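The structure is shown first, and the discussion follows.

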Number of protein chains: 2
Amino acid sequence: MASSAFRSFTTPSAWRGMSALSRTHPTRRYATTTTVATGRADNSVGFGASPKSPAEYAAAWPSAAVAAVYEKHGAPEDMLRVVDLPLASLSSLGEDQVAVKMLAAPINPSDINQVQGTYAVKPPLPAVGGNEGVGMVVAVGPKAQSRLRPGQWVIPRSSGQGTWRSHWIAKESQFLVIPNDLALSQAATISVNPCTAWRMLHDFVPLQAGDTVIQNGANSAVGLCVIQLARALKLNTVNVVRDREDISALEGELVARGATHVVTDKFLGSFKMAEFWKQHSASLCPPRLGFNMVGGPNATNVIRQLGNRGVLVTYGGMSREPVVAPTGPFIFNDLQLRGFWMTRWNDEHAPEERERMLQDIAVHIRSGTLSTSCQGRPLAEFAGALTASRTALQAATFKQVLTMV
Amino acid sequence: MASSAFRSFTTPSAWRGMSALSRTHPTRRYATTTTVATGRADNSVGFGASPKSPAEYAAAWPSAAVAAVYEKHGAPEDMLRVVDLPLASLSSLGEDQVAVKMLAAPINPSDINQVQGTYAVKPPLPAVGGNEGVGMVVAVGPKAQSRLRPGQWVIPRSSGQGTWRSHWIAKESQFLVIPNDLALSQAATISVNPCTAWRMLHDFVPLQAGDTVIQNGANSAVGLCVIQLARALKLNTVNVVRDREDISALEGELVARGATHVVTDKFLGSFKMAEFWKQHSASLCPPRLGFNMVGGPNATNVIRQLGNRGVLVTYGGMSREPVVAPTGPFIFNDLQLRGFWMTRWNDEHAPEERERMLQDIAVHIRSGTLSTSCQGRPLAEFAGALTASRTALQAATFKQVLTMV
């Protein structure tokens, strides 16, 4: 089992390592075309290459996987290296093991935090980076009741397993099935941001068509999913974004995706917000649900907009400032401050329930209701993808997805 | 109907008013003995006088009630006056009306805020002060399906009706029955503080014997009820109080009532708190429930003590500072910040459910498990009671209860 074999390495010298991230891997056989997915409902956009058949992947099964790994916590640019990891042959699969050809895996902000050592999930070191991604089942171990079949697309069941790798042998229980008729970019990014938005819209307040949801960080990856899924649920969204020079362009983009209203953080904190509610009182109820990924005064200002029995769900803390709420709304308006973490939800719910949610979300992806804007780059160009993913403005619009097709 | 007739007064001149709070009412016929209820489990303590029979109260039914009223919002000392309010005769009771001889009513902090105009419930002015209190049914209007019978003890069903009055005629639906075998001091104060503690211990986290609850303001009226009811539920309590010179005396008093641990706010905010948990780890689980009536850094420090899935319930904001919580615990520990307001609970639950809770609490009062320390004063000595109720230290130990027996 490659993954546990890798885990058992105690010294980096056990890796047939490559020292520079920028190195082009000599044996890479995956597509190098980079395609930028822009605009909304851009469901058809892939990464310029289609996955091969499981038989083709099986025939070309290598003796080593390519992976982006880190030995210590620290700055991702310094810590991550693209290396070869020994890979078992398909004929030696254990009873409960499956061989997976990884197809694509994104670089999410929490992946960065994980390498930095500041994230709540800390895989034992050395570790393969990445928590999200999609692969194709190539072969299944000789176990009678196998759930998985070659050709199926799978995602990791739990986080911290390391998705930034070209090939992966692990226990079949480690994988969940997702539909394999999606664009690679969407399949690779289905399990974190869309699921977070989905659960937050379903699990905290029973909402009805016409209800209002307010969120900050509205142009974040989760924020964009909230906008699109809320539109599908016929909910109104009030979307808070940071003030900027090209604010009307951003507003246009969010409205095109389905945002009902876009306001800046500056506007949110001003007396004009009262006028805003008055002006839209005929079409806009006070929000009973708010999403916070910022914290600080921005979150306090979101709390101020919540109606009676309002619930604010914190799923991020970009400003690194705490959430501050006056005591009155807790007592007299039954304000609730809650939190959400997709990883915990995944750990606490049956795989079947999660697969059901993924199927439901896939319906929205197929219909074009829900899309994520991604930029694909071959795993061998990891350094560039990493840099791009850390450029705040870029990251907010284009998620970097490593391709290994 | 006295209460609505009073409400219809538009000018204070319609009252046969008394100008000075200190005036002794010439026609008062209630006991003047003041008894201080001290110590714990002091269930037997009343106020030196027992209620008369309903027949005796009926025979002496006056043409005016004595009441502490206010015409405008402002400083209670300046706004409240003890006056005569016209009172209908027992023979003229409406079909759905009952005549109640008020027996005792406390001065709670929220009553003070109501007069100041800073409370969420604002009765129309002029208004009779007071929200809590106990009375005896003296006569029932000529309605067949009357729920109430002479001799029963009742409390107001909703807040803002004005309990600081000697006699009261109102709709029977305005009253709830409570057991009439309790000490007057306990019956008069059963519906706010004990019920708040009861609901907060039952409605937010499913607790089991041995679980831990943490609270600030532990020597407040609600805090003392929490300590006693938690002990009855076999829960451990960590009780935070403000540091003071006589801290060991206070600690002794709280421990005598059933507090498991008492810590000062200063200690709570120090590195010693980690040692505290280590030291008691064998007997003390991390708290899953916390109660906050302070806000500010104190509340933040309480949040820091909460275990996984901890819930902090805010029911007061004594420091006038907001609740500040870092984003991490929301996301990774599933922290919940909630609020509780007894008035809302009362409005949203059936009278039967509330009467059931009052019966359950009465069991604890009868057995001595739960007691409130009160100081009784005749309604005519309202000014003194008001002053005493506003002395913070005093109020924290002895609730002022107006007697009208």
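In this predicted model, the side chains of A:Lys266 and A:Asp243 meet in a salt bridge, with an N to O distance of 3.8 Å. The pair links distant parts of the chain, since A:Lys266 lies in helix 9 (residues 265-268) of chain A, whereas A:Asp243 lies in the loop between strand 10 (236-241) and helix 8 (247-257), 23 residues apart. A:Lys266 counts as exposed at 61% relative accessibility, while A:Asp243 counts as partly exposed at 37%.

Another pair is found within a helix. The side chains of A:Asp203 and A:Arg199 form a salt bridge at 2.6 Å, N to O, and because these two residues are four residues apart in helix 6 (residues 193-203) of chain A, about one helical turn separates them.

| Residue | Relative accessible area | Class |
|---|---|---|
| A:Arg199 | 10% | buried |
| A:Asp203 | 36% | partly exposed |
| B:Arg199 | 10% | buried |
| B:Asp203 | 35% | partly exposed |

Salt bridges also form a network that links A:Arg309, A:Asp334, B:Arg344 and B:Glu348. Over all chains, the structure holds 20 salt bridges.

Definitions and conventions:
Residues numbered from 1 in each chain as written. Chains lettered and ligands numbered in written order. Predicted model: local features only at pLDDT ≥ 70, side-chain atom pairs only at ≥ 80, totals over all residues. Heavy atoms only, no water. Salt bridge = Lys/Arg side-chain N within 4 Å of Asp/Glu carboxyl O. Buried < 20%, exposed > 50% of the residue type's maximum accessible area, 1.4 Å probe, protein only.
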